[in-house]
Amino acid sequence: MNLMLRFLVLAFPIAFIGMFYVLLSTEDTYPGADYKVFEIPEFSLPALDNSSYIDNSSLKGDFIINVWASWCITCRVEHPYLSKLSREGIKIIGLNYKDERNDAANWINKFGDPYDLIIHDVKGSLALDMGVTGAPETFLVKNGFVVAHYQGEVNQLIWNKVFQPIIDSKKINLK
């Protein structure tokens, strides 16, 4: 009986760890990533510079939508990587989320503008319709349909693990 008890005390934790290892190592998605396909909701919102209104007809082709705000610390961390993508010719639409226009404009002036255009969503209505829970979040869009969504900071690892496989498999042209 004593030998059996010793065996169980040793075997149970090993089996428990083994079960979690198998579950975690066979996962083919990345934490924070969502691959549900949905159409960009109908919207009409002002550009950050207030020069025009942007709606669905303004968004053509393939691109990423990056949800950001001047009050978002992680957005500041993510910003240099978005600037790198922009310099590489990746089309990025900014969705300024629940932010004051002046604060957002000052932030862009200070840190640079990697966006092809910036939608000012002061009330968060478009973001809410897209399922945004906070900033930053990034959506990969192909012909008006979101094909991947990532909650959190986009960096080289996330780009390679979440977005690049979808870009390659769906032949998405972001340039």
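The structure holds 1 disulfide, a term applied here to a pair of cysteine sulfur atoms within 2.5 Å. The model is a predicted one, in which local features need pLDDT of at least 70 and side-chain atom pairs count only at pLDDT 80 or more, while totals for chains, interfaces and linings use all residues. Residues are numbered from 1 along each chain as its sequence is written, and side-chain values use heavy atoms, with hydrogens and water left out.

A disulfide is a covalent bond between the sulfur atoms of two cysteines. In this model the partners are C72 and C75, whose sulfur atoms lie 2.4 Å apart. The disulfide is right-handed because the torsion about the S-S bond of C72 and C75 is about 85 degrees. Both C72 and C75 are buried; buried denotes under 20% relative accessible area, exposed over 50%, and partly exposed the range in between (1.4 Å probe, protein chains only).

Helix α3 spans residues 101-111, and its buried residues are A104, W107 and I108. These residues cover an arc of only 95 degrees around the axis, which puts them on the same side of α3; the arc is that of the directions from the helix axis to the C-beta atoms. An α-helix has 3.6 residues a turn, so residues three or four places apart point the same way. The face of α3 turned away from the buried side carries the exposed residues N102, N109 and K110. Helices (H or I, at least four residues) and strands (E, at least two) are DSSP runs, numbered from the N terminus. The elements that cover the buried residues of α3 include β5 (62-68), α2 (73-87), β6 (92-97) and β7 (117-121). After α3 comes G112, which has a positive phi, near 100 degrees.

N50 is not a glycine, yet its phi is positive, at about 60 degrees. This residue is found in the loop between β3 (44-46) and β4 (53-55), and N50 counts as partly exposed because its relative accessibility is 48%. K98, likewise not a glycine, has a positive phi of about 45 degrees. The loop between β6 and α3 contains K98, and a relative accessibility of 44% means that K98 counts as partly exposed.

A further backbone feature is the cis peptide bond that joins A135 and P136, with omega about 0 degrees. P136 is placed in the loop between α4 (125-130) and β8 (137-142).

K171 lies in the segment after α5 (156-169) and counts as exposed, at 67% relative accessibility. Leaving aside neighbours within four places in sequence, K171 is in contact (heavy atoms within 4.5 Å) with K142 and I166. K171 and D62 are 109 residues apart in sequence, and their C-alpha atoms are 10.0 Å apart in space.

The largest pocket has a volume of about 160 Å³. A pocket is defined on a 1 Å grid over the protein atoms alone, as an open set of points with protein on both sides within 12 Å along at least five of seven lines, where a 1.4 Å probe fits; lining residues have an atom within 4 Å of a point. The lining consists of A47, L48, D49, S51, A105, D113, Y115, D116, L117 and I118. By class, this lining has 6 nonpolar, 1 polar and 3 charged residues.

Terms used: Grid points are joined across faces, edges and corners, and a volume is the space filled by probe spheres set on the points. Ala, Val, Leu, Ile, Met, Phe, Trp, Tyr, Cys and Pro count as nonpolar, Asp, Glu, Lys and Arg as charged, and the others, Gly among them, as polar.
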